[in-house]
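The sequence and structure come first.

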Amino acid sequence: MLEFITKPWPWYVAGPLIGLTVPALLLIGNKSFGISSSLRHMCAACIPAKIPFFQYDWKKEVWNLFFVFGVLVGGIIAAQLLANPEPIVIHPDLAADMAKYNITDTSHIVPSDLFSWPALATPRGIIMMVVGGFMVGFGTRYAGGCTSGHAIMGISTLQWPSLVATCCFMIGGFIMTHLILPYILAL
Amino acid sequence: MAQHNQQQPIGNTDFEVRSQNAVCVNKSELDAPLSSNIKYAVIGILFGIVFVKAEIVSWFRIQEMFRLESFHMYGVIGSAIVVGMISVFIIKKFKIKTLAGETISFTDKTFNKGQIYGGLMFGLGWAITGACPGPLYAQIGAGATAVIVTLLSAIAGTWVYGRFREKLPH
């Protein structure tokens, strides 16, 4: 049993568990699953700056901040207590392509050559962390949701605008991975 | 907060902030103490553990998804949607109420161009960071502390969107 827990969980275990978050949040408090709005609540709480978009009672949405704090704590528990002793197995073609860009450390959840404090001093590290993060924050709010709010909650409730948004997420991802990222990694 | 929408030339495009929608305000919870939110943290913890254990927070898994080298992420998202859809169907069909006995409400989303422009922009960012907002928190928890920079930048991105929202096509 312990071996099953420490090994990486397959998609058919993880996916349904994530899907169950939808009814869990609805049943315990009539809450709609969506993570990216936590970023808006933090803006509303800390730096509203009289901007209309941040003029609302964020305290009524504080459950969402508790939820994302839980996600962070869950990350600590999984990494400290349930860690997989084996290195992460990645596709050999991906490993070979990354090696071309001197990204050789594939043992962590994020490549330390791109996402680490020392990498912040490199041009590609700045683009990956700062520009990438900015686009995630700007894009999710512009779209009105992210993978959880649109792809999972939105499509689950048969909202066709969420299906449009999800298709655009995927199109953007394919464009970046195949057409732009090779240039960023080569910096 | 019901007047909020009328103050802006652009209507509500963010259906995740439900307290702005008068129909959805959950009266009994508004007066509830802060500690009543601990149950959401517990669900978040379970969610975060699944994220890390299924390697959904791995930058490499996201790359494999967009390079069509692995079915893993498609399986995760696809089965999550199926389970979510069946759950919502059951809740609606049998008019199941919350544990506190309140009627469960669903907000219909209306289409606006932001779902296209913003969606594309998030997609571009997702393939760079290898993380949507949820995994950002889990990555930090799992020890990738430099991702704090990515998270702060995402908060800044959200702020800049809010600041220039009126000038953007919706």
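Which domains does the domain assignment of chain A give? There are two entries: domain 1 (1–83) and domain 2 (88–187), with bounds that come from an automatic or database domain assignment.

This is a predicted model, in which local features need pLDDT of at least 70, side-chain atom pairs count only at pLDDT 80 or more, and totals for chains, interfaces and linings use all residues. Residues are numbered from 1 along each chain as its sequence is written, chains are lettered from A and ligands numbered from 1 in the order in which they are written, and side-chain values use heavy atoms, with hydrogens and water left out.

**Chain A and its domains**

Chain A has nine helices and zero strands, which gives the pattern α-α-α-α-α-α-α-α-α along the sequence. Helices (H or I, at least four residues) and strands (E, at least two) are DSSP runs, numbered from the N terminus. The C-alpha trace of chain A spans about 50 × 45 × 30 Å along its principal axes.

Taken over C-alpha atoms, the centres of domain 1 and domain 2 of chain A are 19 Å apart. Twelve residues of domain 1 of chain A and nine residues of domain 2 of chain A take part in the contact, where contact means heavy atoms within 4.5 Å. About 810 Å² is buried between domain 1 and domain 2 of chain A, and carbon and sulfur atoms give 74% of that. Buried area is the accessible area (1.4 Å probe) that two parts lose on being put together, summed over both. Of the area that domain 1 of chain A buries against domain 2 of chain A, 52% is supplied by Val22(A), Phe33(A) and Ser36(A), more than by any other three residues.

**Helix packing**

Two packed helices are described by the angle between their axes and the distance between the axes. Axes are lines fitted to C-alpha atoms, for helices over the stretch in contact, and angles run from 0 to 180 degrees between N-to-C directions.

| Helix pair | Axis distance | Angle |
|---|---|---|
| H6(B) (133–141) and H7(B) (147–164) | within 9 Å | roughly 150° |
| H7(A) (123–143) and H7(B) | 6 Å | about 40° |
| H8(A) (147–156) and H4(B) (72–93) | within 7 Å | roughly 45° |

H6(B) is therefore roughly antiparallel to H7(B); angles under 35 degrees count as roughly parallel, over 145 as roughly antiparallel, 65 to 115 as roughly perpendicular and the rest as oblique. The crossing of H6(B) and H7(B) is left-handed; a crossing is left-handed if the near helix is turned anticlockwise from the far one by less than a right angle, and right-handed if clockwise. In H6(B), Leu136(B), Tyr137(B), Gln139(B) and Ile140(B) are in contact with residues of H7(B) that include Val147(B) and Leu151(B).

H7(B) also packs on chain A, where H7(A) and H7(B) are oblique to each other and the crossing is right-handed. Among the residues of H7(A) in this contact are Met129(A), Phe134(A) and Arg141(A), and among those of H7(B) are Ala154(B), Gly157(B) and Tyr161(B).

H8(A) is likewise oblique to H4(B), and the pair has a right-handed crossing. Thr147(A), Ala151(A), Ile152(A), Ile155(A) and Ser156(A) meet residues of H4(B), including Ile77(B), Gly84(B) and Val88(B).
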